[in-house]
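Reader: I would like to go through this structure with you and ask, term by term, what each label rests on. Could we start once it is in view?

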Amino acid sequence: GVLLDRPRPAQEALAPVAEPKPLRIEVVSDVVCPWCYIGKRRLEKALALVDGEVAATLAWLPFELNPDMPHEGMARADYRRAKFGSPERSQSLDARVAAEGRGEGIEFAFERMARTPNTFAAHQLIDLAQRRGAAGPVVDALFRAYFEEARDIGDPGVLAGIAAQCGVAGWPDAAEVEAVRLVEENIRGLGISGVPTFILGRKIGVSGAHPPEALAAAIREAVS
């Protein structure tokens with residue numbers, strides 16, 4: 001008789017499975033930058049597109065959009081007037097951001113936001129969370145608190161609540177103030193002046209909240 005179903009040798013049967021390539025993605029961002037919140041959501045979608053190809057680790061790097069902001073922050077209406085000249089221009093920019101945000105499942109609460117905070121303490125909290133392996137949840141909680149819940153993320157009580165909610169032990173005593181300041185100075189020294197900026201494996205820098213497909217293409221290029 002003829003053996004129709006001859007078993008194949010094992011090495012022939014198993015196609016080699018490509019290991020996902022490791023990639024460190026450094027995200028330079030500020031928690032009062034709406035495009036950084038949008039960019040975070042788009043990065044998550046981009047990482048889903050390269051799932052199985054790339055094993056990414058994220059690191060969050062501090063950047064203050066308003067390094068000269070008073071420690072206690074200021075009224076958002078005053079800040080926006082100083083920055084954009086008129087309430088109308090500020091509102092039209094907010095409307096554009098809100099429309100983009102809705103596409104990413106973010107409900108920006110611009111009309112309820114009373115204050116623009118100083119974000120240096122928030123960056124210290126992110127840094128501490130990063131050392132504790134909880135940066136992602138803390139960054140998310142800060143963005144959500146500020147942009148969707150209209151809370152003052154410069155307020156020590158708000159920051160303590162977020163630290164507790166995300167299980168970050170040692171806040172604020174274990175914050176490394178000078179280390180965070182130094183990292184930010186180094187970032188500015190690299191010539192980075194806008195956020196979000198994604199540094200892919202120290203090879204490629206992508207500035208802006210690009211669509212997930214464009215970010216995924218840059219990620220693939222960085223590991224090729």
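Author: In this predicted model, the side chains of Glu 53 and Arg 220 meet in a salt bridge, with N and O 2.8 Å apart.

Reader: Why is the pair Glu 53 and Arg 220 called a salt bridge?

Author: The label requires a side-chain nitrogen of Lys or Arg within 4 Å of a carboxyl oxygen of Asp or Glu; the N to O distance for Glu 53 and Arg 220 is 2.8 Å, so the pair qualifies.

Reader: What parts of the chain does this pair link?

Author: The pair links distant parts, 167 residues apart, since Glu 53 lies in the loop between H2 and strand S2 (54–62), whereas Arg 220 belongs to helix H9 (residues 212–223).

Reader: Why does Glu 26 count as buried?

Author: Glu 26 has 2% relative accessibility, and buried means under 20%, so the label holds. The side chain of Glu 26 meets that of Arg 24 in a salt bridge (3.7 Å, N to O), and Arg 24, at 46%, counts as partly exposed.

Reader: What makes Arg 144 and Asp 140 a salt bridge?

Author: Their closest N and O atoms are 4.0 Å apart, and the cut-off is within 4 Å, so the pair is counted.

Conventions
Residues numbered from 1 in each chain as written. Predicted model: local features only at pLDDT ≥ 70, side-chain atom pairs only at ≥ 80, totals over all residues. Heavy atoms only, no water. Buried < 20%, exposed > 50% of the residue type's maximum accessible area, 1.4 Å probe, protein only. Helix = DSSP H or I, 4+ residues; strand = E, 2+ residues; numbered from the N terminus.
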